[in-house]
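This briefing sets out selected features of one structure, grouped by topic. Please read it alongside the sequence and the model.

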Amino acid sequence: TNFHENISPGSYDDIRRNYLTDESVRKYFLKNVKQKNIAFHGSESSAFDFAVLKKELGEIKQVNPNVKGFRTHYLYFEYQKLFSNLEKAGIQYDASIGFRKNYGFRAGTSYPFYPFDIVNNRPFNVLEIPFTIMDTTLNSPALLNLPYFLAKNKITEFFEKMAKSGGHISILWHNNTFDFIDFRLWGQLYWHLIKWAKRNDVWICSLHEMYEIWKES
């Protein structure tokens, strides 16, 4: 697998990606987000190289020390290496396991679980919260390429089946998908699913809330 070069903060050609070195952004984080528990979206290399993971984690912790979760970029990872690195880095939960080309349960279960450490013959001390549905899976021309209303019907039907069986669904929506001009209606689908869940008394929570409850079960 070819990875992007691990670029230092402030050196991206697209200045919008240099937000960690933007003093106004840093001040906002320190004022409004510092005490909140967050997860971070690591680079492709961070799932394979502990040194890269540690570096990126350190950069995020400069503006918020409460980094609890992780998801790898492009969903690239090697199972044992990923969880070994996350455990070593002190990450408490991950959300990297899910299908790119379809929706459903890549891990064979809808519920969170502790991946098994084959080398040490024990579960990793990292909770995996697998995601079930990703926006780009539905709308990308290279993937399912579903029209909005067909995607809405299929995913609503999927939600209905899961509600009857008492399963868990984790949805992954990218922030750019809420851009009405470039992704007409796809942000609306997210809110349709949230409203459907509320109407049907489905419990809605963040990944961190799921982690906090699951670790006590």
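With which residue does Asp117 form a salt bridge? The partner is Arg122, and the closest N and O atoms are 3.8 Å apart. The model is a predicted one, in which local features need pLDDT of at least 70 and side-chain atom pairs count only at pLDDT 80 or more, while totals for chains, interfaces and linings use all residues. Residues are numbered from 1 along each chain as its sequence is written, and side-chain values use heavy atoms, with hydrogens and water left out.

**Salt bridges**

- A salt bridge is defined as a side-chain nitrogen of Lys or Arg within 4 Å of a carboxyl oxygen of Asp or Glu; six are found in a search of the whole structure.
- Asp117 and Arg122 belong with Glu87 to a network of salt bridges.
- Asp117 is buried, with a relative accessible area of 5%, whereas Arg122 is partly exposed at 30%. In these terms, buried means under 20% relative accessible area, exposed over 50%, and partly exposed in between (1.4 Å probe, protein chains only).
- Glu157 and Lys161 also form a salt bridge, at 3.8 Å from N to O. The two residues are four apart in helix 5, which means that about one helical turn separates them.
- Glu157 is partly exposed, with a relative accessible area of 42%, and Lys161 counts as exposed at 54%.
- Lys215 and Glu212 are joined by a salt bridge whose closest N and O atoms lie 3.2 Å apart. Lys215 is partly exposed at 38% relative accessibility, and Glu212 is partly exposed at 29%.

- Helices (H or I, at least four residues) and strands (E, at least two) are DSSP runs, numbered from the N terminus.
- Strand 2 covers residues 67-72; five of its six residues are buried, so the rest of the structure largely encloses it.
- Strand 2 pairs in the parallel sense with strand 1 (residues 38-42) over five bridges, where pairing requires that DSSP finds at least two bridges between the strands. Thr72 of strand 2 is the bridge partner of Gly42.
- From strand 1 the chain passes through helix 2 (residues 50-61) to strand 2 in a right-handed β-α-β crossover. Right-handed means that, with the strands pointing away from the viewer, the path from the first strand over the helix to the second runs clockwise.
- Strand 3 (residues 93-94) runs parallel to strand 2 and is joined to it by two bridges; Asp94 in strand 3 stands opposite Phe70.
- The crossover from strand 2 through helix 3 (residues 79-89) to strand 3 is a right-handed β-α-β crossover.

**The second largest pocket**

- The second largest pocket holds about 870 Å³ of space. A pocket is an open set of points on a 1 Å grid over the protein atoms alone where a 1.4 Å probe fits, with protein on both sides within 12 Å along at least five of seven lines. Points are joined across faces, edges and corners, and the volume is the space filled by probe spheres set on them.
- The pocket is lined by 27 residues, of which Ile169, Ser170, Ile171, Ile204 and Cys205 are the closest to its centre; lining residues have an atom within 4 Å of a point.
- Helix 5 (148-165), strand 8 (171-172), helix 6 (186-199) and helix 7 (207-214) each contribute at least two lining residues. Helix 6 supplies the largest share, with five residues.
- The lining comprises 21 nonpolar, five polar and one charged residues. Here Ala, Val, Leu, Ile, Met, Phe, Trp, Tyr, Cys and Pro count as nonpolar, Asp, Glu, Lys and Arg as charged, and the others, Gly among them, as polar.
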